[in-house]
Amino acid sequence: IPMMRQSELFNGIDVLDSEGNVVGQSQAAARSAIVQVTASRIIMATPGMALTPVIMNTLDTKTSLLKGGRAWLAAPIQVGIIGFILTFATPLACAIFEQKSSIGVRSLEQPIHDKLREMGSDTKYLYFNKGL
């Protein structure tokens with residue numbers, strides 16, 4: 001994800017005030033967005049990677065489903081299990097962080113501080129779209 005979004009790390013992403021007006025572009029907001037997206041992607045993949053081997057091991061040792069001439073069923077069953085898990089894990093992982101995230105003005109770059117001062121704003125938080 002950081003490689004795909006490296007232009008955001010170099011150029012920053014738009015930060016907005018509470019009314020949706022662009023105040024500037026921030027590399028700090030971009031870093032925060034990328035960390036949030038990376039964390040949610042890891043959380044999304046974890047249940048499928050952790051539960052599928054356990055379920056497959058149980059099916060293999062405690063049932064006759066995968067024995068004999070039905071060993072070919074292992075791959076389609078794994079795909080079905082992962083698909084089922086991702087059906088629920090994907091929206092839950094995406095919902096962990098709000099799409100429109102906030103960041104404290106203190107942690108942003110100096111040009112944004114200058115722009116806020118120029119606008120006469122005393123806002124403490126700005127907002128950005130974290131992406132998916």
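The model is predicted. The chain holds four helices and four strands, which follow one another along the sequence in the pattern α-β-β-α-α-β-α-β.

**Overall form**

- Along its principal axes, the C-alpha trace spans about 75 × 25 × 20 Å.
- Of the 132 residues in the chain, 29% count as buried, and the accessible surface comes to about 8,400 Å², with carbon and sulfur atoms contributing 63% of that surface.
- Among contacts with a separation of 6 or more, 60% are made by residues 24 or more positions apart.

**Nonpolar cores**

- The largest nonpolar core has 14 residues, and those with the most contacts inside it are Val15, Ile112, Leu126 and Phe128.
- At least two residues of this core are supplied by each of β1 (13-16), α2 (27-62), α4 (110-119) and β4 (125-129), and the largest share, four residues, comes from α2.
- Apart from this core lies another, of seven residues, which includes Met56, Leu73, Ile81 and Ile85.

- Leucine 126, which lies in strand β4, counts as buried because its relative accessibility is 0%, under the 20% cut-off.
- Not counting residues up to four places away in sequence, leucine 126 touches Val15, Leu16, Asp17, Val23, Ser101, Ser102, Ile103, Val105, Leu108, Ile112 and Leu116; Val15 and Ile112 are also named, with Leu126 itself, among the residues with the most contacts inside the core.
- Between leucine 126 and histidine 113, which are 13 residues apart in sequence, the C-alpha to C-alpha distance is 11 Å.
- Phenylalanine 128, with residues up to four places away in sequence again left out, touches Ile13, Asp14, Val15, Ala29, Ser32, Ala33, Gln36, Gln99, Lys100, Ser101, Ser102 and Ile103.

**Aromatic rings**

- The count of aromatic pairs comes to one, and this pair is formed by phenylalanine 84 and phenylalanine 88, with 5.2 Å centre to centre and 70 degrees between the planes.
- The pair is classed as edge-to-face because the cut-off for that class is an angle over 60 degrees.
- Both residues belong to helix α3 (residues 74-94), and because they are four residues apart in it, phenylalanine 84 and phenylalanine 88 are separated by about one helical turn.
- Phenylalanine 84 is exposed, with a relative accessible area of 54%, whereas phenylalanine 88, with a relative accessible area of 47%, is partly exposed.

- Alanine 93, found in helix α3, is buried, with a relative accessible area of 2%.
- Leaving aside its neighbours within four places in sequence, alanine 93 is in contact with Ser40, Ile43 and Met44.
- Although alanine 93 and valine 37 are 56 residues apart in sequence, their C-alpha atoms are 9.3 Å apart in space.
- Threonine 38, a residue of helix α2, counts as partly exposed at 26% relative accessibility.
- The contacts of threonine 38, once its neighbours within four places in sequence are left aside, are with Ile1 and Pro2.
- Threonine 38 and glutamate 109 are 71 residues apart along the chain, and a distance of 23 Å separates their C-alpha atoms.

Definitions and conventions:
Residues are numbered from 1 along each chain as its sequence is written. This is a predicted model: local features need pLDDT of at least 70, side-chain atom pairs count only at pLDDT 80 or more; totals for chains, interfaces and linings use all residues. Side-chain values use heavy atoms; hydrogens and water are left out. Rings of Phe, Tyr and Trp (its six-membered ring) pair if their centres lie within 6.5 Å; planes under 30 degrees apart count as stacked, over 60 as edge-to-face and the rest as tilted. Buried means under 20% relative accessible area, exposed over 50%, partly exposed in between (1.4 Å probe, protein chains only). A nonpolar core is a set of buried Ala, Val, Leu, Ile, Met, Phe, Trp, Tyr and Cys residues joined through side-chain atoms within 4.5 Å. Contact means heavy atoms within 4.5 Å. Accessible areas come from the Shrake-Rupley method with a 1.4 Å probe; for residues, only the protein chains shown count as cover.
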